[in-house]
Amino acid sequence: MTENTDDIVKSRMYARQQLIDGWDQDVINNGTIMIVGVGALGCEIGKDFALMGIRKLILIDLDTIETSNLSRQMLFRPGDEGRPKAEVAAERLKEMNPFLKVDYYFKKLQKLPMAVYEESDVVIAALDNFNARLDLNKICLRMKKPMVEGGTVGFEGHVQIVIPEGSGLQYKNRELEIENLVETRLWDITEMEYPEYFEAQRKIEELESEIERIKKEKITPLIEKFRKEIEMVFDWKFAPEILDQTPCYRCLVPIPPADDKLVAACTLKGLPRNRNHCVIKAEVEFEKRHGHKPDLNTNEEVFKLKEIAQDELEKLRERVFDENVPSEERESLTQEEIEEWKKNIRETFGEDYKFEEMENILGNKIAAIQTVSSIISSIESQEALKLLFRVKGRNIGPPMDPCYVNYNGVYGQFDALPILKRKDCLACGEIEGEENIQIVVPFDADVGYIFEAMKIAEYELDPELWMITSPMTKEIYWNPYMPSLKDPDIKLTALKIKSNDIVSLTPLGKALIESEIKKYNVIIAFM
Ligand SMILES: [Zn+2]
């Protein structure tokens with residue numbers, strides 16, 4: 001095809017969308033969209049932009065395709081199992097639109113060169129876990145890139161747009177915001193300051209017919225006065241806070257939920273207490289016996305894993321029976337009563353395992369369905385499209401405001417939720433060098449386990465260089481420089497630390513200089 005016929009084909013392809021008010025195909029033709037996560041949402045969003053004629057897509061995903069993905073992730077087909085998602089998606093999107101350029105990365109978003117982010121006009125988060133979202137949020141804030149974030153759980157989903165400070169994108173309408181501030185200012189005045197305003201308000205009630213006249217005489221001048229005052233300072237005092245940025249993702253998640261690996265680690269130390277624990281324990285037992293984690297794509301290994309999990313489940317049922325029906329009471333029970341107990345326990349912990357159930361538990365999977373994925377991804381695409389126009393200095397409609405929308409598929413209801421920017425946000429706020437973390441510890445954990453739990457949650461700190469204190473009482477629980485306060489075996493319960501208490505970890509010596517984080521606020525949850 002020559003360049004000329006290419007242009008004609010393109011022009012025909014995009015004919016209908018060019019009828020939209022304010023549309024400029026050149027914006028799309030020159031745009032670059034980065035999609036982080038090529039799962040159910042990422043596939044749909046990739047498809048949307050490929051069809052609309054985006055110049056370039058950058059796809060990031062570190063997973064390979066699994067059979068359970070095929071019910072939702074519309075770019076993948078039976079037979080693709082085992083191949084990298086980003087690579088297959090790139091192929092399929094190019095089939096849809098041969099003019100499309102696609103770069104793909106089969107690696108972690110944190111490992112990408114910053115130039116890849118730099119090149120993107122809009123970044124779309126289509127991820128399935130908190131930590132990756134938090135990291136991407138941080139990178140986008142730093143790179144001043146607008147981000148559209150979305151997620152689904154079962155029949156529910158949400159979309160949030162994040163416009164970082166300094167991205168140069170006008171988020172809100174200047175005139176509207178000034179109005180709002182004048183309105184707010186009026187609520188604050190007292191009769192002492194402006195008696196004529198209040199008098200006027202009373203007269204309005206009394207003299208319906210004179211409302212217009214009085215307003216003109218007494219109220220409008222005041223509004224004009226405030227408007228002038230606010231307008232004069234608006235650009236430096238209010239605009240940076242409300243016009244050009246939104247709250248970020250971290251503003252909504254000040255304390256991320258505890259890492260699942262911690263829950264798993266605790267399960268191993270203790271006895272399994274539910275169905276899921278038995279499978280997690282079985283996985284570790286499998287690794288002990290066979291020297292590697294079970295491969296869930298190999299039937300033989302799945303059977304072996306199931307056998308161990310089944311055994312743990314049986315032991316759990318027996319333990320619960322012994323706890324509830326002590327042996328001395330057992331003699332007074334009839335055979336039927338004992339059978340009734342056993343039946344109840346069986347129902348509580350469920351029947352034998354099915355393969356998909358073990359896969360869901362070990363992979364920490366969440367409920368997902370194509371219908372909700374396509375709704376949420378379409379909203380993400382739509383918002384990203386408007387942002388792309390804005391990045392290119394054009395306007396095809398404002399980004400959604402409030403910047404967060406929730407969808408409930410059970411009731412078919414959308415709720416736009418006003419969210420607030422937190423001054424103490426650890427990503428976009430004024431606090432620097434702090435980090436909030438939640439860790440899960442076994443009930444009998446000692447001080448040393450705090451460092452171990454931090455390590456499992458991927459915050460590896462050297463116990464010789466960090467101090468642990470109570471932010472409330474200032475009591476020192478661990479100080480490596482003081483032998484009397486350096487007992488890793490002392491139990492947290494002996495220190496009177498209760499579940500959901502917070503401890504502070506602060507650096508000493510070399511760590512004080514080298515660590516970017518100067519304080520970890522750690523919530524301790526006992527399990
Ligand atoms: Zn924030």
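Me: Let's start with a charge and a ring: what sits over the ring of Phe-99?
Reply: That's the charged end of Lys-10, 5.1 Å from the ring centre. Keep in mind this is a predicted model.

Me: And which residue lies over the face of Phe-321?
Reply: Lys-342 does, at 5.2 Å from the ring centre.

Me: OK, zoom out. How many helices and strands does the chain have?
Reply: There are 19 helices and 13 strands. The C-alpha trace spans about 95 × 75 × 60 Å along its principal axes.

Me: What share of the 527 residues counts as buried?
Reply: 45% of them. As for contacts with a separation of 6 or more, 66% come from residues 24 or more positions apart.

Me: Now the metal. Which residues are the protein donors of the zinc ion?
Reply: Four cysteines, each through SG: Cys-248, Cys-251, Cys-425 and Cys-428. They lie 2.3 to 2.4 Å from the zinc ion.

Me: How are those donors spaced in sequence?
Reply: The pattern is C-x2-C-x173-C-x2-C.

Me: And what's the arrangement around the zinc ion?
Reply: Tetrahedral, because the angles subtended by the four donor atoms run from 99 to 121°. For reference, the ideal angle for four tetrahedral donors is 109.5 degrees.

Me: Are Cys-248 and Cys-251 buried or exposed?
Reply: Cys-248 is buried, with a relative accessible area of 0%. Cys-251 is buried as well, at 5%.

Me: Switching to aromatics. How many pairs does a search of the whole structure find?
Reply: Nine aromatic pairs. One of them is Tyr-194 with Phe-226, which is edge-to-face, with 6.0 Å centre to centre and 90° between the planes.

Me: Why does that pair tie together separate parts of the chain?
Reply: Because Tyr-194 is in the loop between helix H7 (174-188) and helix H8 (195-206), while Phe-226 is in helix H9 (residues 211-242), so the parts being joined are 32 residues apart in sequence. Both Tyr-194 and Phe-226 are buried.

Me: What about Trp-466 and Tyr-520, how do their rings pair?
Reply: That pair is tilted: 5.5 Å centre to centre, with 55° between the planes. Trp-466 lies in strand E10 (residues 466-469) and Tyr-520 in strand E13 (residues 519-526), so parts 54 residues apart in sequence are tied together.

Me: Buried or exposed, those two?
Reply: Trp-466 is buried at 3% relative accessible area, and Tyr-520 is buried at 7%. They also form one aromatic cluster with Tyr-459.

Me: What does Ile-437 touch?
Reply: Leaving out residues up to four places away in sequence, Ile-437 touches Ile-255, Met-454, Tyr-459, Tyr-520, Asn-521, Val-522 and Ile-523. Ile-437 and Tyr-459 are 22 residues apart in sequence and 9.6 Å apart in space, C-alpha to C-alpha.

Me: Where is Ile-437 placed?
Reply: In strand E9 (residues 434-441). Ile-437 is buried, with a relative accessible area of 5%.

Me: On to the nonpolar cores. How many residues has the largest one?
Reply: 49 residues, and those with the most contacts inside it are Ile-33, Phe-49, Ile-54, Leu-57, Leu-59 and Phe-76. Helix H17 (residues 370-391) gives the most to this core, with eight residues.

Me: Which residues is Ile-54 in contact with?
Reply: Setting aside neighbours within four places in sequence, Ile-54 is in contact with Ile-28, Gly-31, Thr-32, Ile-33, Phe-49, Leu-100 and Leu-388. Another core lies apart from this one, with 33 residues, among them Ala-258, Ile-437, Ile-450 and Val-503.

Me: Last one: where is Arg-16?
Reply: In the loop between helix H1 (3-13) and helix H2 (25-29). Arg-16 is exposed, at 66% relative accessible area.

Technical notes. Residues numbered from 1 in each chain as written. Predicted model: local features only at pLDDT ≥ 70, side-chain atom pairs only at ≥ 80, totals over all residues. Heavy atoms only, no water. Phe/Tyr/Trp six-rings, centres within 6.5 Å; stacked < 30°, edge-to-face > 60°. Helix = DSSP H or I, 4+ residues; strand = E, 2+ residues; numbered from the N terminus. Buried < 20%, exposed > 50% of the residue type's maximum accessible area, 1.4 Å probe, protein only. Lys NZ or Arg CZ within 6 Å of the ring centre and 35° of its normal. Core = buried A, V, L, I, M, F, W, Y, C linked by side-chain atoms within 4.5 Å. Contact = heavy atoms within 4.5 Å. Donors = N, O, S within 2.8 Å, 3.2 Å for Na, K, Ca; no water. Tetrahedral: all angles 85-135°; square planar, octahedral: opposite > 155°, others 65-115°.
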